[in-house]
Amino acid sequence: MIKITDLRRSYRMNKETIVHALDGISFEANPKEIVAVVGSSGSGKSTLLNVLGGLDREYEGTVDVDGKDIRAYNPNYYRREKVGTIFQQFNLIGALDVRENVLLPIKFGGQFTPAEAKNRADYLLHKVGLSERKHHLPNELSGGQMQRVAIARALVASPDILLADEPTGNLDSTTGQEIMQLLYELNQDEDMTMFIVTHDLELVKGIDRKIFLRDGQLISPNK
Amino acid sequence: MFGYSISLVLRRKLRTVLTSLGITISIILLSLIIFGMQDLQRLLESAFQEQFKPDEVFVSNSAQFGAITGGSGEATEEGEEITQLNTEIVAEISEQPQVAVAQPATIIASFEGTLEGENRPLVPTFISGWDISRDDSYFAETWGDLSQPEGDQVFLSTSFLDLYDIEDPESVIGKTVTIRAAQSAITGSVQTKQSLEISYDFTVGGVVDVGQDRNDIIMSLDRSLEVLAEVGGFESGEEYASEIGYDILRIRAATEEDVPAIKEYLEDTYNFGSVVTADDLLGFLDQIISAFTLVLIVFGVVAGVVASIGIMNTMVMSIYEQTKEIGIIKAMGASSRQILWVFLIQAGIIGLFGGVLGLAVVYVGMVVSDPFIVEALQANGFTVESFFSFDLPTALIISGISMAVGIVAGLYPALKAAGLNPVKALRSE
């Protein structure tokens with residue numbers, strides 16, 4: 001269960017100007033629920049994602065995950081084991097091969113033995129259809145394959161929350177649909193809450209729960 | 001984390017090698033200094049030990065001998081009168097129970113020797129009067145039948161053979177060597193106008209190799225005293241020995257353990273220009289080599305500092321290059337401390353790689369150049385089988401130092417990387 005109450009995040013641009021990137025947002029998300037966060041550029045989507053991902057802790061209000069504010073968790077533990085993130089730019093490490101990229105979150109801690117970690121990575125690579133490419137470098141993969149690697153990496157530590165930031169933004173529409181389909185399947189298999197952030201309403205038409213952001217505030221779908 | 005750092009270093013081979021090159025060059029320089037000076041020290045020590053035995057003590061009032069040994073702290077205190085090394089004092093020293101043999105010698109300065117059939121003298125010519133046997137350990141090698149200098153028969157050193165490019169030492173035996181006053185005196189203790197017109201002819205009775213020493217003509221002690229008496233205006237050699245005295249006294253102790261006692265006796269009882277043992281000479285040699293090594297090490301360290309600035313520069317650049325990656329791994333749960341280690345390990349590996357590469361180059365260089373150096377040294381009278389020796393413990397220490405240099409150079413960039421804000425890092429391109 002994720003409960004966000006009166007979430008505010010402001011940035012001081014200069015002496016006079018303060019930008020309210022998030023301006024009093026409140027909503028809840030249930031376990032296994034998929035939530036689409038829709039908004040145009042500058043609406044506050046990325047700021048919300050940074051807060052939920054544990055990267056930005058300088059917010060006001062509360063963000064409770066399993067009854068506990070994010071700031072009460074060890075930030076490294078939270079980022080490693082409670083949440084997994086998929087980026088629009090894939091953000092794979094070019095110097096590491098596919099399997100090493102997938103293993104990255106558990107290289108820095110966690111409960112897995114090296115053998116378990118390897119099995120988990122291979123299992124996820126099988127699930128995203130990349131078993132044959134595990135020793136390839138990212139620059140040897142297509143965009144869709146890179147995003148699949150990023151998905152496997154986000155899931156490797158079995159997080160409670162999956163954050164997907166414009167996951168199909170750099171892909172053609174067919175590949176984008178395949179990735180969305182994969183995310184829906186994984187949501188059922190991996191038992192986690194999923195936030196899919198996008199500016200493209202068409203992409204998330206199959207998702208029941210949508211929240212709309214504009215100028216840092218939640219708005220009703222009709223606006 | 002270690003594996004992750006290794007992966008990053010291995011995948012960026014070109015960058016790793018190029019960054020390491022700076023440290024490789026400084027390690028080559030440092031290793032050559034350290035190994036080379038160690039080997040040089042060993043070589044000079046063994047050359048010294050061939051000529052100066054541990055049971056020997058040298059007493060001297062000679063400016064030449066004093067100039068060499070003065071650095072070992074044996075200089076006479078100002079204002080005190082120097083004890084003459086005359087016949088009576090030598091007799092007194094000879095009677096000491098620890099003294100086995102006391103062998104006086106003279107130095108005839110300001111004369112130049114020319115071999116029969118040649119028209120140029122050996123400049124300068126070091127001439128001594130010394131009743132030394134041809135089987136004495138002072139000589140590295142001898143030729144001819146003369147057992148010791150006698151009358152007008154002298155030992156001629158191989159310096160003359162080198163000067164005149166004579167290959168066969170036996171060919172000069174029986175020839176005449178003429179000494180006459182040098183046109184420009186090198187040391188002028190008994191230089192007089194009269195001496196400029198004096199010349200003496202001697203017969204080469206034997207040829208000797210005196211190793212690294214300079215002692216070009218060795219005549220008998222009595223004959224040298226006669227020459228010195230004549231040049232100095234004395235009635236006889238005996239009078240010269242009694243009034244002026246000898247220049248050097250070589251004492252051979254009854255046993256090696258007696259050397260300190262003899263030295264103490266000589267210093268307490270007399271006031272000679274210098275009293276030197278083989279240990280003093282070695283100590284002095286060590287001092288010179290240590291000072292020389294220190295200067296060279298300073299150069300090496302400067303090279304190391306330049307190399308470490310190179311590493312630091314590359315690591316800082318690498319942080320700019322890897323800013324997004326740092327953001328990614330922070331987003332994946334890496335702590336600041338872990339990121340610090342990732343960069344420190346990379347810097348350490350680059351340093352270690354540079355060091356090992358440098359040592360490998362030095363090792364190969366040593367193996368390849370050793371025969372040539374040995375040949376050159378043997379041509380110059382050194383008895384050596386090999387010059388360079390690659391010392392593994394020293395090599396390990398050098399590797400450790402190069403790794404430490406890498407880590408120190410990587411510290412600032414690593415701290416910078418660890419302190420990056422993940423949100424900003426993820427936004428960077």
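A residue is called buried if 20 or more other C-beta atoms lie within 10 Å of its own, exposed if 12 or fewer do, and partly exposed in between, with C-beta atoms placed from the backbone. The structure shown is a predicted model, in which local features need pLDDT of at least 70 and side-chain atom pairs count only at pLDDT 80 or more, while totals for chains, interfaces and linings use all residues. Residues are numbered from 1 along each chain as its sequence is written, and chains are lettered from A and ligands numbered from 1 in the order in which they are written.

**View 1. Ser110(B), a non-glycine residue with positive phi.** Phi of Ser110(B) is about 70°. The residue sits in the loop between β2 (99-108) and β3 of chain B; helices (H or I, at least four residues) and strands (E, at least two) are DSSP runs, numbered from the N terminus. Ser110(B) is buried because 23 other C-beta atoms lie within 10 Å.

**View 2. The cis peptide bond from Val123(B) to Pro124(B).** Omega of this bond is near -15°. Pro124(B) belongs to the loop between β3 (111-115) and β4 (127-130) of chain B.

**View 3. Asp215(A) in the loop between β9 (209-214) and β10 (217-219) of chain A.** Asp215(A) is not a glycine, yet its phi is positive, near 50°. Asp215(A) counts as partly exposed because it has 15 C-beta neighbours inside 10 Å.

**View 4. The open six-stranded sheet of chain A.** The strand order is β6-β7-β8-β3-β9-β10, with mixed pairing; two strands pair if DSSP finds at least two bridges between them. β6 (83-86) and β10 of chain A are the edge strands, each pairing on one side only. From one strand to the next the twist averages 25°, where axes are lines fitted to C-alpha atoms, for helices over the stretch in contact, and angles run from 0 to 180 degrees between N-to-C directions. Five bridges join β3 (residues 34-39) of chain A to β9(A) in the parallel sense. Val35(A) has Arg209(A) as its bridge partner in β9(A). Helix α1 (residues 45-52) of chain A packs on the sheet, touching β3, β6, β7 (161-165), β8 (193-198) and β9 of chain A. The direction of α1 makes about 150° with that of β7(A).

**View 5. The contact between chain A and chain B.** Chain A contributes 18 residues and chain B 17 residues; two residues are in contact if their C-beta atoms, placed from the backbone, lie within 7 Å. On the side of chain A that touches chain B, α2 (75-82) and α3 (98-107) of chain A each supply at least two residues. α3(A) gives the most to this side, with four residues.
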